[in-house]
Amino acid sequence: MRSLQSMVVEGLIKIIMRQADPTTYMEKRRKENASPYVLPVNSQKKYRIKKLSSYSLDTYMLKSASNPDKRQILFLPGGGYIEQPLLWHWRFLYQLSQKLNGTITVPIYPKAPNHQYKESFDKVLPIYKDLLTKTSPENIVIMGDSAGGGFALALCQLLLKEGISQPGNIILLSPWLDIALRNPQIAPMIKMEPMLNLKLLRMAGKAYAGDTDTSDYLLSPINGPINGLGKISLFIGTHEFFLPDARKFKMLAKKQNVSINYYEYPKMNHVFPVLPIPEARLAMKQIINIIEGNQIT
């Protein structure tokens, strides 16, 4: 049965999102993204987040209390390629860091409409290469939510193309798999989707793509290779626009004889694993099991 907390959160999200005009909001993001992201001081102290200076873009790090060198997690936050990390992201990552032995690296990759996707890949790829110098590939996790989930999968497909070692695990939370949202099964879900604005998503995707065809796998990784990647795990809710493509991706993987961990949560909204709701606690346990290589339930 769905929790009361998840229904309350969904209701609050609906109220907020109905107030957003896509054109006005994109202009707002253009102005805000012209300045560097500033991590809230309270979050930095509460979650013991450290800012790194060793990369060419702002990057943050969270470490487990014990054995932080055991594994490396590269986390790509979502936000429609236009938003910077939310407070919920840092809360989720802190909880993850407390339950796992390892280090979580969070790059603040370039955002649209001020920047396009090529800049993001150029900035993040060297970070992954650096993580390969710290531990073996099987001890690395690439994870992302929403746009960050699409970015995470596309990054792994780029690694495959470049002949660079795959991470042991690729964990996708409500991934944006087709930046143009071409699936005809998406539009009928408008009444069900509380968080995402379809028009705004398409505007953001177009801005992030720039002059590149949106069917390119770096923008729409559902069009990229699945064979040869690290172990893929995908979490999705049935109350979100990205559900049809998640199901399509699962089918494509099956046709290519690629086994993936697929978790579809009934009545859950977009990126529910990072929200402060009971269902997220179960998803967190499943994520921990995946990373630690335990039996998946």
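Does Arg48 count as buried or exposed, and at what relative accessibility? The legend for view A has the answer; keep in mind throughout that this is a predicted model.

View A. Arg48 counts as exposed, because its relative accessibility is 54% and the cut-off for exposed is over 50%. Look for Arg48 in the loop that joins helix H3 (41-46) to E1. Its phi is near 55°, a positive value in a residue that isn't glycine. Asn257 can be viewed alongside: phi is near 60° there, again positive in a residue other than glycine. Asn257 sits in the loop between helix H8 (243-255) and E8, and with a relative accessible area of 73% it is exposed.

**View B. Helix H2 and its two faces.** Helix H2 spans residues 22-32, and its buried residues are Pro22, Met26 and Arg29. Why do they lie on the same side of H2? They cover an arc of only 60° around the axis, and that puts them there. As a rule, an α-helix has 3.6 residues a turn, so residues three or four places apart point the same way. The buried residues of H2 pack against helix H7 (198-209).

**View C. The eight-stranded sheet.** Here eight strands make up an open sheet with mixed pairing, in the order E1-E2-E4-E3-E5-E6-E7-E8. Strand E1 (50-52) and strand E8 (261-265) are at the edges; each has a single partner strand, so one side of each has no neighbour in the sheet. From one strand to the next, the twist averages 20°. Zoom in on strand E6 (residues 169-173) and strand E7 (residues 231-237), and you'll find them paired in the parallel sense over five bridges. One detail to pick out: Leu172 has Leu234 in E7 as its bridge partner.

**View D. Two helices lying across strands.** Helix H4 (residues 87-99) lies across strand E2 (59-63), strand E3 (72-76), strand E4 (103-107), strand E5 (140-145) and E6. H4 runs at about 40° to E2. Helix H9 (residues 278-292) lies across E3, E5, E6, E7 and E8, and it runs at about 180° to E8.

**View E. Aromatic pairs.** How many aromatic pairs does the structure hold? There are 13. One of them is Tyr60 with Trp90, an edge-to-face pair at 5.8 Å centre to centre, with 75° between the planes. Tyr60 belongs to strand E2 and Trp90 to helix H4, so this pair ties together parts that are 30 residues apart in sequence. Both Tyr60 and Trp90 are buried. Tyr265 and Phe272 form a tilted pair, 4.4 Å centre to centre and 45° between the planes. Tyr265 and Phe272 are buried too.

View F. Ring pairs join Tyr81, Tyr109, Tyr117, Phe121, Phe151, Trp176, Tyr208 and Phe242 into a cluster. Which residue lies over the face of Tyr109? That's Lys111, at 3.9 Å from the ring centre.

**View G. A cis peptide bond.** The bond from Ala112 to Pro113 is cis, with omega near 0°. You'll find Pro113 in the loop between E4 and helix H5 (117-132).

How values were computed:
Residues numbered from 1 in each chain as written. Predicted model: local features only at pLDDT ≥ 70, side-chain atom pairs only at ≥ 80, totals over all residues. Heavy atoms only, no water. Buried < 20%, exposed > 50% of the residue type's maximum accessible area, 1.4 Å probe, protein only. Helix = DSSP H or I, 4+ residues; strand = E, 2+ residues; numbered from the N terminus. Arc of directions from axis to C-beta. Contact = heavy atoms within 4.5 Å. Pairing = 2+ DSSP bridges. Axes fitted to C-alpha atoms, helices over the stretch in contact; angles between N-to-C directions. Phe/Tyr/Trp six-rings, centres within 6.5 Å; stacked < 30°, edge-to-face > 60°. Lys NZ or Arg CZ within 6 Å of the ring centre and 35° of its normal.
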